[in-house]
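We will take a short walk from one stop to the next.

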Amino acid sequence: MAKGVTRLWPVMPSRVQFASVFDRRHWTDEGSVCRDLSRSENGRANLVLDGSEKWKRSLTTEFGAFENNHGLGSSPTQTKDLMIINVEHKGPSYLLAIAKATGRTMWKSDRASGSSWTSPIVLELEGKELIILSSGGTIDGYDLVDGKQLWTVGGLSGNSVPSPTAVGPYLFVGARIPEFGSTQDAAQSNLCIKLDTTPAGKHEVMWRASKAVCDYASPVVDRDCAYYLKSAGVLFCIDSATGETHYTERLGTTCWATPIVAGEKVFFFGKDGTTQVIKSGPTFFKVATNLLWDPKNAPTPETYKETHGGHGHGEGVGGIASEEKSKAAESTEPTAGGPPSGRRGGGMMAMLLKSDANGDGVISADELPSDLKEMLPRVDLNEDNAIDAAEMKAMEESFRKRREGSQALARDPIVYGVAAADGAFIIRTGTRLFCVGGN
Ligand SMILES: [Ca+2]
Ligand SMILES: [Ca+2]
């Protein structure tokens, strides 16, 4: 912990998962703190600031079980009156607006099924509030009043983990490198578009990145600099107007949480509890490195249970472990990300082999299950529009490489999400909330 930074309070929320604790906006006026209970009690709670419960709902009881490998990772966002949640998974998916005061559904908008962990954002444009969602290959705009989808921008890939960041009408979109994709291809989906909300509006692509890609953290923007953080802590600072690279630096800290811009500094919250602080601007300058805990004595959760390749998060998760494991054997995630899983790949290979309808050992494009079609160009090495035995072998090898070391990488404590309010950062790991304030 750096000089001048005090740890105000650590608390122990139970059963939290990937979602960030709460949105950065509005949380003090209503005192809303939203806990993700998707894995255990299968719902969401809205808490007031003294910790008492205002209302509680079980979305899985109401709308069906949540089906993906890592649980609900999307953070809720909020307006003055509404809490907006994106529940996008392999089952029936939806974007939901809930009245913060009462817990009642105000609207529910269906979404295409897919594995996604991105969070919706609220944007005010020309006096109208919109919900923007970047996920599953598209960027979609919704009317905040009734949840009606207003427009969509397609042609993206790898955009199911990072969320977009808006500055006025400019939307900075982040995407990861898709399975079997290249950095160069992924950079095409890391872009800036200018939104045009007129009925016949065209959303103009201002630039596409040449090299910058995201990983789990979403892009952030401060004046003429946009910050894209790739895996292994490689930071791209790019010109927010032109997309040209100001600099690329290795931060040396892997971040799963989205950085925060504050006071002309950018704070990068490493998953290992190391926070790197840089001066915001076109030239790299590191201001400080802060430690949330002693790296030699990391605060292992007392109730920690390792369930599946890491991600054991305190009490309440153990009971679903066996169910999750059996589901995992059928896993078929072609491009979506999420933190590394030890089980990825095996299920997809089995599904591929099963889809060989004419039994010739080659999966032709028309035999390929629809949710795997998107990845065909990336695995079809000889470009004959089919996947043969050698190409399947290459896929298997790629999965094997990804699995290496993933268990250790997914072990709590991990810094998953951060919010800023009242001069303090609220940082959450799998089982704890830390409040860090300057004084
Ligand atoms: Ca075949
Ligand atoms: Ca082929």
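In what order do the strands E5, E6, E7 and E8 stand in their open sheet? The order is E5-E6-E7-E8, and the pairing is antiparallel. Strands here are DSSP runs (E, at least two residues), numbered from the N terminus, and two of them pair if DSSP finds at least two bridges between them.

Before moving on, note that this is a predicted model, where local features need pLDDT of at least 70, side-chain atom pairs count only at pLDDT 80 or more, and totals for chains, interfaces and linings use all residues. Residues are numbered from 1 along each chain as its sequence is written, while chains are lettered from A and ligands numbered from 1 in the order in which they are written.

Click Thr77 to find its bridge partner in E6, Ile84.

**Stop two: another open sheet.** Its four strands follow the order E17-E18-E19-E20, again with antiparallel pairing. Strands E17 (220–222) and E20 (245–250) stand at the edges. Select residues 225–229 for E18, joined to E17 by three bridges, and look for Val221 opposite Ala226.

**Stop three: a hairpin.** Select residues 417–421 (E27), which pair with E28 in the antiparallel sense over five bridges. Ala420 stands opposite Phe425 in E28. Two residues separate the strands of this hairpin, and Asp422 in the turn has a positive phi of about 50°.
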